[in-house]
Amino acid sequence: MARSMHVRRPATLASLAAELGVSRTTVSNAYNRPDQLSPELRRRVLETARRLGYPGPDPVARSLRTRKAGAVGLLLTENLSYAFRDPAAIGFLEGLALACEDAGTGLLLVPANPEREDVAAVHRAGVDGFVVYSVPDDDPHLAAVLERPVPTVVCDQPDLGNVDRVGIDDQAAMHALAQHLISLGHRRVGVVCMRLARDRNDDFVTPERQQAAHFHVQRARLAGLAQAFASVGVDWATVPVAERFDHTMASGAAAAAQVLERDPQITALICTSDILALGALGEVRRRGMRVPADITVTGFDGIREAEQAGLTTVRQPVMEKGRAAGKLLLDSAERTRPRAVTLSTELVLGSTAASPRGTAEERWFGP
């Protein structure tokens, strides 16, 4: 006669409590409030749980009961890989993770493709609050976040006025860099910038598009440049500004080539990020141009790769941004009005900026 198969039913919190002869609250505390039990009792509960195959309290049921997900959501309007590829994003993510560690909470990445408007990931994210990392002011994913009844902190952009924010003074920082270049004698310059809006535009941009940019950080950095150079008589409308949608070194190289083809006589190439500047450096050197003897190249961010390249740039505290955003979100203090944290920046004078050559002939053919 065939033997019948007996499948042992999985242990539950109640059956585990009965096996141990303790209350269900005691079992629950072994997982959720270990400080309420003696080390010996907690060890006995966990060992018995392993023996009986009890996996621990159901996190979904717990979140329904407590109305807490135990996690912070980080909204990135980029593909997920961007968070692990872009140096500034990596630094920010590390700082945010450190703040979450200190608070004993988890971190959920909520990526959103910048060329799609599917906000389902925001709607289904089980989080207690959101940190929004550098998105345009018209982004539908941002709108979906603000519809959720949870606290939100914006890092960098947009500056909404009624939402907590962490950032830097981008316009002042770029103005300081421009003033340094002006003091070196530069007047004929070109610019490579990151995307200004959600539509893909890999081309030159007008002053009107710059001023209407939905990415507030890029708008502020370009405004800082325009203001500084206008103060010494440069007509900003004549300055070639090349925009790139993708934030890669290849994009920086392509944009630099476009600017140099438009005006081969520029003496400085100003990039609104270090990644773009590193690509621009590669392009000008590929053309046989010496940096900074033939042309000055500058960036913005202060990433490690820029430091290694000796890039003249603006250093911003990306890791501290992440930590500050996390602390602001997880602060349990009563909020009476929106809070803003503005971090300081530093002008880094590297080896890629110098005074321009005296004449075009000297620049191209040497002394």
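## Arg195 and its partners

The side chain of Arg195 has a polar atom 2.9 Å from the backbone oxygen of Phe245. This is a predicted model. Arg195 also reaches another side chain: a polar contact of 3.1 Å links it to Glu78. Where does Arg195 sit in the chain? Its place is the loop between strand S6 (189–194) and helix H10 (207–211).

Is Arg195 buried or exposed? Its relative accessibility is 9%. Buried means under 20%, so Arg195 counts as buried. Now look at what touches Arg195, leaving aside neighbours within four places in sequence. The contacts are Thr77, Glu78, Pro114, Phe215, Gln218, Glu243, Arg244 and Phe245.

## The sheet around S6

Strand S6 belongs to an open sheet of 4 strands. What is the order of the strands? The order is S7-S6-S8-S9, and the pairing is parallel. Strand S7 (241–244) and S9 are the edge strands, and each of them pairs on one side only. On average, neighbouring strands of this sheet are turned by 15° against each other, direction ignored.

S6 and strand S8 (residues 268–271) pair in the parallel sense, over 4 bridges. Gly190 stands opposite Leu269 in S8.

A helix lies across part of the sheet. Helix H12 (residues 249–262) lies across S6, S7 and S8. Relative to S7, H12 runs at about 155°.

Helix H9 (residues 170–184) and helix H11 (residues 216–230) form a crossing pair. Their axes come within 7 Å. The crossing angle is roughly 35°. The crossing of H9 and H11 is right-handed.

Which residues of H9 meet H11? They are Asp170, Gln171, Met174, His175, Ala178 and Ile182. On the H11 side, the residues are Val217, Ala220, Arg221, Ala223, Gly224, Leu225, Gln227, Ala228 and Phe229. Sorted by class, the contact of H9 with H11 has 9 nonpolar, 4 polar and 2 charged residues.

## Two cis peptide bonds

Where are the cis bonds described here? One runs from Gln157 to Pro158, with omega near 0°. Pro158 is found in the loop between strand S4 (152–155) and strand S5 (164–168).

Another cis peptide bond runs from Val291 to Pro292. Its omega is near 10°. Pro292 is in the loop between helix H13 (274–286) and strand S9 (296–298).

## Two aspartates with positive phi

Asp156 lies in the loop between S4 and S5. Pro158 is found in the loop between these strands too. What is phi of Asp156 near? The value is near 75°, which is positive in a residue other than glycine. Asp156 has a relative accessibility of 10%, so it counts as buried.

Asp301 also has a positive phi, near 140°, and it too is a residue other than glycine. Asp301 belongs to the loop between S9 and helix H14 (304–309). Why does Asp301 count as buried? Its relative accessibility is 8%, and buried means under 20%.

Conventions:
Residues are numbered from 1 along each chain as its sequence is written. This is a predicted model: local features need pLDDT of at least 70, side-chain atom pairs count only at pLDDT 80 or more; totals for chains, interfaces and linings use all residues. Side-chain values use heavy atoms; hydrogens and water are left out. Buried means under 20% relative accessible area, exposed over 50%, partly exposed in between (1.4 Å probe, protein chains only). A polar contact is a pair of N or O atoms within 3.5 Å; within protein, one must be able to donate a hydrogen and the other to accept it, and residues adjacent in sequence count only if both atoms are side-chain atoms. Contact means heavy atoms within 4.5 Å. Two strands pair if DSSP finds at least two bridges between them. Axes are lines fitted to C-alpha atoms, for helices over the stretch in contact, and angles run from 0 to 180 degrees between N-to-C directions. A crossing is left-handed if the near helix is turned anticlockwise from the far one by less than a right angle, and right-handed if clockwise. Ala, Val, Leu, Ile, Met, Phe, Trp, Tyr, Cys and Pro count as nonpolar, Asp, Glu, Lys and Arg as charged, and the others, Gly among them, as polar.
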